[in-house]
Amino acid sequence: MEVTVDLKTRLLRCADLWCDATGQSLTRLGVLVCNDGGFFTRVVRPDAGCTTVTLEKFARFFGLAEHWPAGDFPEDVVTFVHINGLSAPVTPMSSGSSSDVSPDAVEIDRVSDRAASRADAEGVASPLNATPEGAS
């Protein structure tokens, strides 16, 4: 049987993990994230809750490595961040222009091109100028 954990419970779990990891208090966490030192005093009540905007603020805060000693994220935090629709930043792929390519890679390409040209000129077989089998 699958157990469902509500977002408020997940938030409180992540807050406890952050406090344990940093030695800071829930009051301090509330101030840092939503400028409200009494946030956790109120939200722990059974009839209390918080907005999705506030949940996203906490997810963004918890999702930054700089807020965790040694940048280690507990699994519950990763899940909370993901459930709130956030994820780690994605590094964009290169557009293919030479300005996006490492200078080392460009130099390797130049050396390979020169070696292939030299091998062609000398009529020497080289993996740099070989045509794959079946290709014309």
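The largest nonpolar core in this predicted model has 22 residues, and the ones touching the most other members are L11, L29, F40, F58, F62 and F80. Five helices each supply at least two residues of this core: α1 (7–22), α2 (26–34), α3 (39–43), α4 (52–62) and α5 (75–83). The most comes from α1, which gives six.

Take L11 as an example. Setting aside neighbours within four places in sequence, L11 is in contact with F39, F40, C50, L55, F58, F62 and F80. Of those partners, F40, F58, F62 and F80 are also on the list of core residues that touch the most other members.

Next, α2. Its buried residues are L29, G30, V33 and C34. Viewed down the axis of α2, these fall within an arc of 100°, so they line one face of the helix. As a reminder, an α-helix has 3.6 residues a turn, so residues three or four places apart point the same way. The buried residues of α2 pack against α1, α3 and α4. Just after the helix, N35 has a positive phi of about 55°.

Now the pairing of α2 with α4. Their axes are 9 Å apart, and the packing angle is about 100°. That falls in the range of 65 to 115 degrees, and the two helices are therefore roughly perpendicular to each other. On the α2 side, the contact is made by L29, L32, V33 and C34; on the α4 side, by K57, F58, F61 and F62. By type, the residues of this contact are seven nonpolar, one charged and no polar.

Definitions and conventions:
Residues numbered from 1 in each chain as written. Predicted model: local features only at pLDDT ≥ 70, side-chain atom pairs only at ≥ 80, totals over all residues. Heavy atoms only, no water. Core = buried A, V, L, I, M, F, W, Y, C linked by side-chain atoms within 4.5 Å. Buried < 20%, exposed > 50% of the residue type's maximum accessible area, 1.4 Å probe, protein only. Helix = DSSP H or I, 4+ residues; strand = E, 2+ residues; numbered from the N terminus. Contact = heavy atoms within 4.5 Å. Arc of directions from axis to C-beta. Axes fitted to C-alpha atoms, helices over the stretch in contact; angles between N-to-C directions. Parallel < 35°, antiparallel > 145°, perpendicular 65-115°, else oblique. Nonpolar A, V, L, I, M, F, W, Y, C, P; charged D, E, K, R; others polar.
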